[in-house]
Each structure stands twice: as structure tokens, then as C-alpha cells.
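Please read them with the structure open.

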Amino acid sequence: MPPLQPGTWLLTGGAGYIGAHVIRSLQGAGHEVVVVDDLSTGVRRKIPADVAFVRADVSDRVAMTRVLASHAVTGVVHLAAKKAVGESVEHPLDYYRHNVDGAVALAEAMVDVGVRNVVYSSSAAVYGDIDVDLVTEQSATVPVSPYGQTKLIGEWVFQDAAVAHGLSCVALRYFNVAGAGGDDLGDTGAFNLVPLALRAVAQGVRPQVFGADYPTPDGTCVRDYIHVADLAEAHAAAAEAAASAPSGGFVAYNIGRGVGASVLEVMAQVSRAVGRDIDAEVVGRRPGDPARIVGSVAAARDGLGWIGERDLGDMVTSAWSAWQAYPPT
Ligand code: WQD
């Protein structure tokens, strides 16, 4: 695949935990970046001073058309979305409004302006509670949360827009993202295992293990953890793939490491990173958690020339370093 000529990419959600890393990976690949973010959860300081920023709601078609028309962009990397599984169960309509309306409005704006290439942030949540050793991109997609459903619908939006209007889309199905590519880029959210464990440690309380009676080697849930810096690099590869693919194309890739790690294994890494036994407490199961979900990453390796290089220790160590440098308020 010939290297993509440097261009300008519009990045939605660039003020977020993952988006801030994607800015830097696109810049590292020689591209200019324009960020659109409504700052509802994003952090303005995470957008470098040399990056153009437009505060807007991605579901505002007029605003998105204006942004695309005023910046001659090579394509769009679409990350802006709500992503908390539990919250999506309590407030499903907010998730459909943000995640589905946002995808539709962005696709309409792209067609309006004639922007062809899009990298779409999807999720392993599209697979739902799947019982296979390794999930492939051909595995059944049966989401079990409104969040997962909105992510799958977003894939359909861009796939059908690609066929009908000549877009070229690469969807990335994120597995469990963790770590920090720099001390100023940590995950300060309150929804996922590693930041929740670090928060508990910082508060001097015991981190909680949601169930230890699953059919897994140590009884706790197994997930496929991927370093956010590796994930960000996958976006640069996906941008190149979208721009060099024929019009009307859609392809989805699992973005993980193809390696499972249990909750207890993550807790052991946290103990190592903080230098003491964090004495995690086993409590009841969290509803809706599959026992195991680990992705095959052969397609991303072969199709994008990408693999995740960093291991679980890198993820937890970098997350703890960032947490100490920038303690969430
Ligand atoms: C991981 C495991 C919990 C907190 C994530 C994202 C979702 C999607 C897919 C991107 C589970 C357990 C958690 C705690 C615990 N990624 N846990 N104690 O549910 O696998 O989904 O990956 O789109 O957005 O949410 O991630 O970090 O919530 O949980 O025992 O305090 O850790 O039960 O088994 P999950 P998670």
C-alpha cells in the first residue's frame, strides 16, 4: 500500500481520552488535524495549541457541513460518542441521540460536501455476550446493551452510506482500552476497570472485583486489553487504508491484542505498579458481563499492517503514572 500523502483529517471527539492520542498518531503520520468536540466530557487542554479546534455537536448537520466545507479535509476520524455501557442502560435515548444521530448527521455532512474517507470508532460491544475463544470480525454481532447497539447501528450507517454515496469506511472495533501515551493523557473516566481500580487505590479503599464465579481459569472475567497508544496508531493505519480503498468500501477490524487477561491479573498488575498489595475485594457479579471476550487480530494485522505492541504491564504502569501526575478532580 503506497504511503498516504499527508492530508488534513477532521477528528471528532479529539478532546477525549482516546481522541487526544489519535491527534498525536495522525500528526506523527504527517497529517494536519482539525478537532471537533462539544467538550461535554472532553478536556480542552488535551488539544495541542497547533491543532485547529471547533466546538460543535457532531449531531448538528449544519455545523458539521460548515466545518467540512471550510477545511479541505482528506477524511474524517469519528470518535465522538457516549461510551459507558451501564449509563446506556439507564439512559438509552441519550445514547441513540448522541451516537446514532451523530453518525447520521456526520455521514450526511460528508455526502453534502463530498468528503469520502471515514474511520469509525466502533466497539467489541457489538459482539455482546459471545461464547467463543477468539472473536473474529465474522462472529455474530448481537449487542446486549444500548451502547453496543448504537455502535453497531453506526457501522450500518457508514456501510450503507458507502454503498449508496461512494464513501470509504474503515470501522475499528475497540476491545478494552487502557494506559496512557503520556502523563497528561490518562483516562480520568469512572467507568472502566483500570481507572476505577486506580481511583480506589488513590482513595485508600479496596478495588472491587465484580464476580469470581465465572467459568474462567481464576473465576474472574477475561478481557482483551489494548494500550491506548497502540489503538491510536491503528487509527493512522486505518486512515491510510480508507483513503486508498475503492469507493463504496466498508471493512471492520478488531482492535485488541488477541490475548486475554482476567480481572485478578489486572489487579495484580495494579499492585505491582503502585508497589503494594491493593487487596482487591470480590463482590457480586455486574449484570451483563460476558465471562470472556478476546478478539482475533489477524485481520487488522493483515489488512492494516498493525499489531498492538505494548503489554498489560505497560498499560497499568503508564495509567498509574498519569494518574499521579494529573489526579482526576
Ligand atoms: C472490564 C471487566 C468488569 C470495574 C469495555 C468498555 C466498552 C467497550 C468494551 C469500547 C469486567 C470488571 C470493572 C471494576 C471489575 N470498549 N470490573 N471491577 O465492560 O469489558 O467493556 O470494553 O467501546 O466501552 O466498557 O469494560 O472496564 O467496564 O470491565 O471487576 O471496578 O472488569 O466486570 O469484567 P467492559 P470494563
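1. In which helix does His 235 lie? The model is a predicted one, which applies to every point below. His 235 belongs to helix α7, which spans residues 228–244.

2. Is His 235 buried or exposed? Its relative accessible area is 1%, under the 20% cut-off, so His 235 is buried. Leaving aside residues up to four places away in sequence, His 235 touches Val 22, Val 77, Leu 79, Val 119, Leu 172 and Tyr 174.

3. On the cysteines: Cys 169 has a relative accessibility of 2% and therefore counts as buried. Cys 221, at 5% relative accessibility, counts as buried too. A disulfide is a covalent bond joining the sulfur atoms of two cysteines. With a disulfide taken as a pair of cysteine sulfur atoms within 2.5 Å, the count in this model is zero.

4. How do helices α8 and α10 cross? Helix α8 covers residues 263–274 and helix α10 covers residues 312–325; their axes come within 9 Å and cross at roughly 50°. Because of that angle, α8 is oblique to α10. The crossing of α8 past α10 is right-handed.

5. Which residues make the contact between α8 and α10? From α8 come Glu 265, Val 266, Gln 269, Val 270, Ala 273 and Val 274. From α10 come Leu 312, Gly 313, Val 316, Thr 317 and Trp 320. Sorted by class, the residues of this contact of α8 with α10 are seven nonpolar, three polar and one charged.

6. Helix α10 also has a crossing with helix α6, which runs over residues 193–203. The axes of α6 and α10 come within 11 Å, and the crossing angle is roughly 50°. That angle is why α6 is described as oblique to α10. The crossing of α6 past α10 is right-handed.

7. In the contact of α6 with α10, the α6 side consists of Val 194, Pro 195, Leu 198, Arg 199, Val 201 and Ala 202. The α10 side consists of Ala 319, Trp 320 and Trp 323. By class, the contact of α6 with α10 has eight nonpolar residues, no polar ones and one charged.

Conventions: Residues numbered from 1 in each chain as written. Predicted model: local features only at pLDDT ≥ 70, side-chain atom pairs only at ≥ 80, totals over all residues. Heavy atoms only, no water. Helix = DSSP H or I, 4+ residues; strand = E, 2+ residues; numbered from the N terminus. Buried < 20%, exposed > 50% of the residue type's maximum accessible area, 1.4 Å probe, protein only. Contact = heavy atoms within 4.5 Å. Axes fitted to C-alpha atoms, helices over the stretch in contact; angles between N-to-C directions. Parallel < 35°, antiparallel > 145°, perpendicular 65-115°, else oblique. Left-handed = near helix turned anticlockwise from the far one by under 90°. Nonpolar A, V, L, I, M, F, W, Y, C, P; charged D, E, K, R; others polar.
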